[in-house]
Amino acid sequence: SMQIKFLSEPSQRVILLLALLFFTLQAWLFQRSLNGAHSPVLTDFHDYYIVMGLALDGRAGDAFSWPMLKAEQIAQTGSWAFMSWAYPPPFTMLLAPLGLLPIGLAYFVFTASSWLLFQSALWRLVGKATAPALFITLPALLINAKCGQNGFLIAGIIGWSLVAIRERSSTTGWWLGAMIIKPHLAAGIGLLALFERQWGAVWRAALAASLLCITATLAFGLPIWTAFQTGTATTSAALWEGLFPLERMTSVFAALNRFGLQPGFALTIHVISVVAFVSAFIVAAKARLDRDLFLAMGACVTLLIGPYNYDYDMVTLTLPIGLMLPYFVARAK
């Protein structure tokens with residue numbers, strides 16, 4: 001059950017109120033950025049909004065072509081920033097209706113609803129450790145809110161996945177299937193479900209992901225998948241060439257590349273590291289690690305597998321921190 005019981009807790013109401021006030025301010029700033037006399041400095045939600053407009057115009061495939069997306073950025077805002085689009089078509093489809101709203105209201109609806117999903121999952125998962133866990137990851141929370149990224153949404157889906165796995169709920173697979181919108185962050189949670197022998201979650205996840213992909217195909221047409229392949233190829237090439245801000249990225253690959261290692265060597269070490277992380281996870285599964293620590297380990301592993309992770313993805317780190325805090329407190333001197 002996804003009842004929002006956390007709103008009966010005074011501290012959670014205060015946290016929610018503060019978050020909504022911050023989102024209101026950011027919504028106003030986003031609206032002003034497009035209505036002002038000067039070209040704005042583009043952030044992620046500007047890119048989201050432009051893609052929404054393309055999708056509503058029947059041009060969703062153009063979003064995956066960087067030259068076309070850049071031209072659209074310039075046409076709509078007077079400026080541009082390298083932000084190639086490589087999200088799967090289901091995510092593009094889910095965003096599209098927000099393009100009917102002004103950018104400020106679209107930002108508020110997207111961010112506030114994502115935060116509600118995230119905060120409710122965190123409260124259900126860690127209880128009174130919610131507030132200190134949020135405080136510890138405050139930089140990631142602010143970065144995500146400032147740029148309008150999907151960190152709250154992904155952390156909310158992962159959080160409810162962890163809740164479902166711990167409670168052995170039949171909803172586990174549906175939450176996992178929803179991660180088709182950002183599949184490289186689903187691996188560790190999928191392993192958790194397998195280690196917990198929740199076999200039904202596997203086919204439900206496959207069914208949910210398939211339904212989302214079929215719906216996106218019906219909405220945009222079959223060529224959207226060819227366009228998506230182009231977008232992922234562009235993003236991979238840009239990552240390989242160091243065109244993304246590596247200092248904001250959180251993977252082993254990005255860290256080693258940022259400090260001078262050649263991309264091929266950095267990726268090799270990244271893959272070796274992933275094998276080590278997953279191996280440690282398997283050992284923990286066989287050792288029957290305490291349930292909450294095991295869930296926390298799964299959330300950490302899922303953040304370490306992909307080479308393409310950003311600071312806003314670290315919102316998900318709030319979940320394992322909240323799970324581990326009682327163990328730190330019990331041992332503190």
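**Fold and local features of a predicted model**

Student: At what relative accessibility does R168 count as partly exposed?
Tutor: This model is predicted. R168 lies in the loop between α8 and α9 (172-178). R168 counts as partly exposed because its relative accessibility is 47%.

Student: What is the phi of R168, given that R168 is not a glycine?
Tutor: The residue belongs to the loop that links α8 and α9. Although R168 is not a glycine, its phi is positive, at about 50 degrees.

Student: Is R288 buried or exposed?
Tutor: R288 sits in the loop between α14 (263-286) and α15, and this residue, although not a glycine, has a positive phi of about 55 degrees. Exposed residues have over 50% relative accessible area. The relative accessibility of R288 is 74%, so R288 counts as exposed.

Student: Which backbone atom lies 2.7 Å from a polar atom of the side chain of T302?
Tutor: T302 is part of helix α15 (residues 291-304) and counts as buried because its relative accessibility is 0%. Leaving aside residues up to four places away in sequence, T302 touches I158, H184, L185, A186, A187, G188 and I189. A polar atom of the T302 side chain lies 3.1 Å from the backbone nitrogen of G188. The atom at 2.7 Å is the backbone oxygen of L185.

Student: Which residues of helix α7 (residues 138-147) are buried?
Tutor: Elements that cover the buried residues of α7 include α1 (10-35), α2 (44-56), α5 (103-126), α6 (130-136), α8 (151-166) and α16 (318-331). Just after α7, G148 adopts a positive phi of about 75 degrees. Within α7 itself, the buried residues are A140, L141, N144, A145 and C147.

Student: What is the radius of gyration of the protein chain?
Tutor: The protein chain contains 16 helices and zero strands. For 333 residues the globule rule gives 20 Å, and the chain is close to that value, so it is as compact as a globular protein of that length. Its C-alpha trace spans about 55 × 50 × 40 Å along the principal axes. The radius of gyration is 20 Å.

Student: What share of the contacts with a separation of 6 or more comes from residues 24 or more positions apart?
Tutor: Of the 333 residues in the protein chain, 50% are buried. Among contacts with a separation of 6 or more, the share from residues 24 or more positions apart is 74%.

Technical notes. Residues are numbered from 1 along each chain as its sequence is written. This is a predicted model: local features need pLDDT of at least 70, side-chain atom pairs count only at pLDDT 80 or more; totals for chains, interfaces and linings use all residues. Side-chain values use heavy atoms; hydrogens and water are left out. Helices (H or I, at least four residues) and strands (E, at least two) are DSSP runs, numbered from the N terminus. The radius of gyration is taken over C-alpha atoms; the globule rule is 2.2 Å times the number of residues to the power 0.38. Buried means under 20% relative accessible area, exposed over 50%, partly exposed in between (1.4 Å probe, protein chains only). Contact means heavy atoms within 4.5 Å. A polar contact is a pair of N or O atoms within 3.5 Å; within protein, one must be able to donate a hydrogen and the other to accept it, and residues adjacent in sequence count only if both atoms are side-chain atoms.
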